[in-house]
Amino acid sequence: MNRFFTILALVAIMPLCHAQTEDPKGVYKMTGVVGKNGVINNSMDQYKVCTDSITLTVFFRSKSSFSIVDNDKQVLKYTGKEPDAEHPDKIRIFDSNAERFTLQWFNKTFTNHTVFSEDDWVTEYYASDEYSESGKVLFDAITNPAPAYDKANPLYGHWHIFNEQFDEIPDAKKFLKENKNFNYPYTGNDICIITPSHFIYCGGQISDCKSDGKSYFDINSKWDIHWLSKDILLVARKRNRITDYELWTRITDDVTPLSRKASKIMNNKKK
């Protein structure tokens with residue numbers, strides 16, 4: 001689970017300590033929020049991924065739908081509970097260490113919200129090593145690098161989805177022959193992870209998955225696999241009577257999906 005932080009070099013996990021003034025580092029789950037009706041425990045399945053370079057918010061709309069966003073637009077650092085002298089509405093981080101932290105933000109955006117008071121402070125509590133069932137599946141998948149190639153179950157692993165679809169399998173073979181060094185940069189959303197029990201699309205989907213590990217995966221509908229090599233496959237995508245073939249290539253390096261997502265978001269901010 002912590003491989004993301006060591007590999008990306010964006011993060012150094014803080015050692016466990018009892019001080020309350022540390023910068024948050026790691027993955028923290030929201031455990032409660034204080035709004036206009038008092039404390040609400042476990043109000044949202046939401047997480048903060050705190051690194052030295054970016055803070056990502058991961059939240060679930062449902063058990064099968066999630067988003068990874070940069071809504072804080074800053075690295076979360078310990079500030080203390082007192083307001084900033086120059087920017088009194090600035091986010092506050094306190095009661096903070098490797099195990100937990102408290103976040104306060106001033107609501108200027110949400111009006112007539114069921115939880116947040118308008119023009120008032122909202123307090124959120126976060127704790128490490130806590131996950132919902134869907135959260136555990138997601139973070140296990142995206143904070144670890146691709147597993148080693150399994151000859152008996154070659155379909156299980158991490159896959160890069162390319163923006164190439166073909167009408168026929170021979171068309172794909174011709175493309176690969178003519179473009180031996182083809183490559184596309186990662187978008188952050190173009191990664192799929194297939195395990196014996198789950199299908200994770202990094203663009204925001206988790207599904208229960210059935211598969212023989214070789215020739216198909218089933219996520220409410222069956223997707224047949226056509227192998228072009230050990231590390232390149234085509235996924236048959238059926239639309240009524242039409243079948244297109246989508247090109248996927250195996251990810252074999254040790255860069256985690258969350259690292260790629262974070263890097264892409266940071267690069268977009270620089271443009």
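The model is predicted, so local features need pLDDT of at least 70 and side-chain atom pairs count only at pLDDT 80 or more, while totals for chains, interfaces and linings use all residues. Residues are numbered from 1 along each chain as its sequence is written, and side-chain values use heavy atoms, with hydrogens and water left out.

Across the whole structure, a search finds 20 aromatic pairs. Rings of Phe, Tyr and Trp (its six-membered ring) pair if their centres lie within 6.5 Å; planes under 30 degrees apart count as stacked, over 60 as edge-to-face and the rest as tilted. One of the pairs joins Tyr-47 and Phe-60: the ring centres are 6.3 Å apart and the planes stand at 75°, so this pair is edge-to-face. Tyr-47 belongs to strand 3 (residues 46-50) and Phe-60 to strand 4 (residues 55-62), 13 residues apart; strands are DSSP runs (E, at least two residues), numbered from the N terminus. Both Tyr-47 and Phe-60 are buried, that is, under 20% relative accessible area with a 1.4 Å probe, protein chains only. Ring pairs also link Tyr-47 and Phe-60 with Phe-66, Tyr-131 and Phe-139 into a cluster.

A second pair shows another geometry. The rings of Phe-199 and Phe-217 have centres 5.2 Å apart and planes at 15°, so they are stacked. Because Phe-199 lies in strand 11 (residues 198-201) and Phe-217 in strand 14 (residues 216-218), the pair ties together parts 18 residues apart in sequence. Phe-199 is buried at 5% relative accessibility, and Phe-217 is buried at 1%.

Charged side chains also meet rings. A charge sits over a ring if NZ of Lys or CZ of Arg is within 6 Å of the ring centre and within 35 degrees of the ring normal. Arg-92 lies over the face of Trp-121, 3.7 Å from the ring centre, and Lys-222 lies over the face of Tyr-216, at 4.8 Å.

Key: Helices (H or I, at least four residues) and strands (E, at least two) are DSSP runs, numbered from the N terminus. Buried means under 20% relative accessible area, exposed over 50%, partly exposed in between (1.4 Å probe, protein chains only).
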